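Subject: Structure for your review

Dear colleague,

Please find below the structure that I am handing over to you. My findings follow it, grouped by region.

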Amino acid sequence: MGFRFDLFVLSVAILLAPSLSDLVISKVDRRIDLTSQIVRISATLKVENVGPDPAMEVLLPFPDHQAKNLAYLAAATNEGKGKSKGPATNLPIEVVQPNEMPPALTWYSVSLPKGLGKGESLTLDVLAVFTHALRPFPEKISQAENQLVAFQESAHYLSPYIVKVQLLSVKLPPDFKPESYTKLEKTELSGSEIKYGPYENLPPFSYSPIIVHFGNNQPFAVAQELLREIEISHWGNVQVTEHYNLIHGGSQIKGEFSRLDYQARPHIGGASAFRHLVANLPPRAHSVYYRDEIGNISTSNLWGDSKKTQLEIEPRYPMFGGWRTSFTIGYGLPLKDFLFQSEGKRFLNISFGSPIRDLVIDNLIVKVVLPEGSKDVSVSAPFPVKQWHETKFSHLDIDGRPVVVLEKTNVVQEHSQYFQVYYKFNNVSLLREPLMLIFGFFFMFIACIVYVNADLTISKSSASYVAKLQWDEVKTAIQQVQNIINRCLTVHDRLDATLRDLSRTGDVQACKVARKAADSLLKDLSKELKPLLAFLHSSPQAAQILPKVEDLVAKEHELQEKLMLKHSTVVEGYEKKSGGREMENRVALIQQKLTALRQEVDDLLEVIDEI
């Protein structure tokens, strides 16, 4: 439906278009290459001037539906024949809008090197490259089906001039015969090539639409976005990093993907998928890597010699129509092969496009990172590009590195031409980073020497230092007090254990011996505690914590008295053989008080620890 509508609009526009009679095209030989996803149309035009005035330009019209996919257009003129044929000279081309011409056509003007006088002729070689011109038909196929595409053109050369003789040949992929194609007068199919013509004496704006429907399983690899970062180091290296967001732009796969069918018969179970891509890297490329977000991808092969370096990469999975993948390619290049000097400036001379063959790039961004300190930056590109400047900061940078950013849409292999980035750089700036490292390590070593040999302690005569010493002494004394209290509690636990043994064995004598030993230990601990308490009373630093310590000592002494009372009561009861009920009542009251006192002592120990 899209094809038919485009043809209708174009036909109406052509009928309304006036002719330009000063120039006549005596012969046109067009060749259309449909062997890949990129459509290349090359035409050789022999142009004659039959008007009285010199002609300064040749107009090339394209239908709007073609012009929107036009990626590259070049025109060159050749003089002589055979061995006397001179080198091709590319001519300036610009978009124009001639008066009284239909809006359904996009016009390009080729400026001639000199005026073409009356009766003179010249030969133009025109190359037009189109992307997304092959439409998948059908748009969805199964895993085992071949990919079919359709291409629309005109058997007649669309021109505002009279065409005396015209030939057209359409080259198809060699593995397929066309499913269908428009058959006109003088149409011939020879192998994988369809020939139309010769057609003679065609009037201006002659248009005869043709559609070719054929199989094409070539990789329809489309980089929706490609970011190339080229970083210059004056220490001998140019580092290139390329980030790809890739999609298969052909017929989308329908249904589920079967890995079993693909592995068993990859050429049948995955005919429309591509499994690898080839990148032609510059000669002497080194440190090549191929990875994605997961990590390094080992399915790659690299060949190289003094003239070329070829990298074959294979994605992690076969790429069917509509499938996407992202990956990064990086490599280093010798600086002397790409950086030169001219008229006091340095300039980088490197290719613009991607090294991957037959790759369509919807949006290409090239970033050239210059060394820090570069000035007077300018760019010379062989075709129009959008450009701006940024700054990148890396290790040991102070002002940042100037970055030249170039952007272009709809990029093909023909755009892999050399461009130049000119800048000025002072050689003294090369020493900036090494000197920063040298002085940085020097000052670090000096600081270490000063630190090791300097006495950074606080003066022993200062009030803060004395207060710190006094507080350390107080903390030591308090820790000793806590240790003594804990030892007293241990004696209490042992003495209480003898009462449990008494209830089991009835050995009163052993219980009295344990009581005597406990009394002796507690008296010794009490003697150790007195000098510590005296020190705490005399120290002003202990004023805050002293009440808690005194309360702790008092509670422990009260706990000791109650425990001795309990012990005496139980032993006396066993000696007098008192009734069990009466002794239990007396001991229960004492035990209740003991439990409360022991809890108070434990709480005071925790409070003192926190302080």
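Leu60 has Tyr108 in E7 as its bridge partner. This pairing, like everything that follows, is read from a predicted model. Strand E3 (55-63) and strand E7 (residues 105-116) run antiparallel and are joined by eight bridges. They belong to an open sheet of three strands, in the order E3-E7-E6, with antiparallel pairing. The edges of this sheet are E3 and strand E6 (93-96), each of which pairs on one side only. On average, neighbouring strands here are turned by 35° against each other, direction ignored.

E22 and E23 pair in the antiparallel sense over five bridges, and a hairpin of four residues joins E22 to E23. One of the pairings across these strands is that of Leu302 with its bridge partner Leu311 in E23.

Within this sheet, which residues does Gln310 contact, leaving aside its neighbours within four places in sequence? Gln310 lies in strand E23 (residues 309-313). With those neighbours set aside, Gln310 is in contact with Val278, Ala279, Asn280, Asn301, Leu302, Trp303 and Arg357. With Asn280, the side chain of Gln310 makes a polar contact of 3.4 Å.

The peptide bond between Phe137 and Pro138 is cis, with omega about 10°. Pro138 is placed in the loop between strand E9 (135-136) and strand E10 (140-141). Gly197 and Pro198 are likewise joined by a cis peptide bond, with omega near 10°. Pro198, however, is located in strand E15 (residues 193-202). Asn201 is also found in strand E15. The phi of Asn201 is near 50°, a positive value in a residue other than glycine.

I turn now to the helices. Two packed helices are described by the angle between their axes and the distance between the axes.

How do helix H6 (residues 463-505) and H8 pack, and at what angle? Their axes are 11 Å apart and the angle is about 15°. Angles under 35 degrees count as roughly parallel, so H6 is roughly parallel to H8. H6 passes H8 in a left-handed crossing. On the H6 side, the contact is made by Val481, Ile485, Cys488, Leu489, His492, Leu495, Asp496, Thr498, Leu499, Leu502 and Ser503. On the H8 side, the residues include Val549, Leu552, Leu559, Leu563, Met564, Val570, Val571 and Tyr574, together with Glu556, Gln560, Lys566 and His567. By class, the contact of H6 with H8 has 15 nonpolar, five polar and three charged residues.

Helix H8 (residues 546-576) also packs with helix H7 (residues 508-538), their axes coming within 12 Å and crossing at roughly 170°. H7 and H8 are therefore roughly antiparallel to each other. The crossing in which H7 passes H8 is left-handed. Residues of H7 in this contact include Val508, Cys511, Leu522, Leu529, Leu533 and Leu536, as well as Lys512, Arg515 and Asp519. Those of H8 include Leu546, Val549, Val553, Met564, Val571 and Tyr574, as well as Glu550, Gln560 and Glu575. The contact of H7 with H8 has, by class, 12 nonpolar, four polar and five charged residues.

Several residues of H8 take part in both contacts. Among them are Val549, Gln560, Met564, His567, Val571 and Tyr574, which meet residues of H6 and also residues of H7.

Yours sincerely

Terms used: Residues numbered from 1 in each chain as written. Predicted model: local features only at pLDDT ≥ 70, side-chain atom pairs only at ≥ 80, totals over all residues. Heavy atoms only, no water. Axes fitted to C-alpha atoms, helices over the stretch in contact; angles between N-to-C directions. Helix = DSSP H or I, 4+ residues; strand = E, 2+ residues; numbered from the N terminus. Parallel < 35°, antiparallel > 145°, perpendicular 65-115°, else oblique. Left-handed = near helix turned anticlockwise from the far one by under 90°. Contact = heavy atoms within 4.5 Å. Nonpolar A, V, L, I, M, F, W, Y, C, P; charged D, E, K, R; others polar. Polar contact = N/O pair within 3.5 Å; in protein donor to acceptor, adjacent residues only side chain to side chain. Pairing = 2+ DSSP bridges.
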